[in-house]
Amino acid sequence: SSHLFTFFTNLYEEFPQYKKGSLYLTGHSYAGHYIPCFVSYLNKIKSVDIQVKGVILGNPHTDAPLQYTMDPQYAKEHNLLNGLGYYFAQVAFDTCSFFSRLKMTTAARFTCEMGIRTVVGANFDRFNIANVTGEWRDVEALLKKFLSL
C-alpha cells in the first residue's frame, strides 16, 4: 500500500492536472486483495492528497478457500463438468480449502491446481501476459520513476 501511495503521490506531482479528477481504482483477480488494502491504508493515514471516488473489482480473488469450493458447482451448472469429474473437482477444492486454512500453501496450491485442471481440462497452463505483450522496458521505467526506485 505504501508503494501505491508513493506512486500516486509522484504521479500527481508530475501531472498535477490529474489530481483534481475523480480517481476510480479498478482491477481483476488479485486486485481483490491489494485495492481494498490500499483504500484502507489511505483511510488509516487520513490521506487528503489521494481521494478515491470509487472501486470496481471484476472477479476479485478475495477468499481462495471459499471461492475455490464454489468452482465445481459453477462448472456443473454450466455443463463443464458432470459425474465423476464434478466429484473429483469438489474433493480437490475442498482439500485445497482445508490446506489453505491451515496455511499449508504448497499442499493447497497442488490440490487447487488439480481441481482447476479437472474443470478446465488437462491442457491447463498458466497464462503469462508478458509472453503476449512482449517487452516491458517502458512500463518498468515509468514505474521506477513514479515509485522512486
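**View 1. Lys103 in the loop between H4 and helix H5 (105–120)**. Lys103 is exposed, at a relative accessible area of 68% (exposed means over 50%, buried under 20% and partly exposed in between, with a 1.4 Å probe and protein chains only). Although Lys103 is not a glycine, its phi is positive, at about 65°. The model shown here and in the other views is predicted, with local features requiring pLDDT of at least 70 and side-chain atom pairs counting only at pLDDT 80 or more, while totals for chains, interfaces and linings use all residues. Residues are numbered from 1 along each chain as its sequence is written, and side-chain values use heavy atoms, with hydrogens and water left out. Helices (H or I, at least four residues) and strands (E, at least two) are DSSP runs numbered from the N terminus.

**View 2. Helix H4 (residues 83–101) and its buried residues**. The 19 residues of H4 reach 27 Å from the first C-alpha to the last, close to the 27 Å expected at 1.5 Å a residue (the expected span is 1.5 Å times one less than the number of residues). Buried in H4 are Tyr86, Ala89, Gln90, Ala92, Phe93, Cys96, Ser97 and Phe99. Gln90 counts as buried because its relative accessibility is 18%. Apart from its neighbours within four places in sequence, Gln90 is in contact with Thr69 and Pro72 (contact means heavy atoms within 4.5 Å).

**View 3. Packing of helix H1 (residues 2–14) against helix H2 (residues 31–44)**. The two helices pack at an angle of about 70°, and their axes are 9 Å apart (axes are lines fitted to C-alpha atoms, for helices over the stretch in contact, and angles run from 0 to 180 degrees between N-to-C directions). H1 and H2 are therefore roughly perpendicular to each other (65 to 115 degrees; under 35 is roughly parallel, over 145 roughly antiparallel and the rest oblique). Ser2, Leu4, Phe5 and Phe8 of H1 meet Tyr34, Phe38, Tyr41 and Leu42 of H2 in this contact. By class, seven of the contact residues are nonpolar, one is polar and none is charged (Ala, Val, Leu, Ile, Met, Phe, Trp, Tyr, Cys and Pro count as nonpolar, Asp, Glu, Lys and Arg as charged, and the others, Gly among them, as polar).

**View 4. The largest nonpolar core**. Eleven residues form this core: Phe7, Phe8, Leu11, Tyr12, Leu23, Leu25, Ala31, Ile35, Phe38, Leu42 and Ile50 (a nonpolar core is a set of buried Ala, Val, Leu, Ile, Met, Phe, Trp, Tyr and Cys residues joined through side-chain atoms within 4.5 Å). At least two residues of the core come from each of H1, strand E1 (23–29) and H2. Phe8 touches Leu23, Leu25, Phe38 and Ile50, with residues up to four places away in sequence not counted. A second, separate core has nine residues, among them Tyr68, Ala89, Cys96 and Val119.

**View 5. Lys19 in the loop between H1 and E1**. Lys19 has a relative accessible area of 40% and is therefore partly exposed. Tyr12 and Asp49 are touched by Lys19, again not counting residues up to four places away in sequence. Between Lys19 and Asp49 the separation is 30 residues in sequence and 7.8 Å in space, C-alpha to C-alpha.

**View 6. Ser29 in strand E1**. Phi of Ser29 is positive, near 60°, in a residue other than glycine. Ser29 is partly exposed, with a relative accessible area of 30%.
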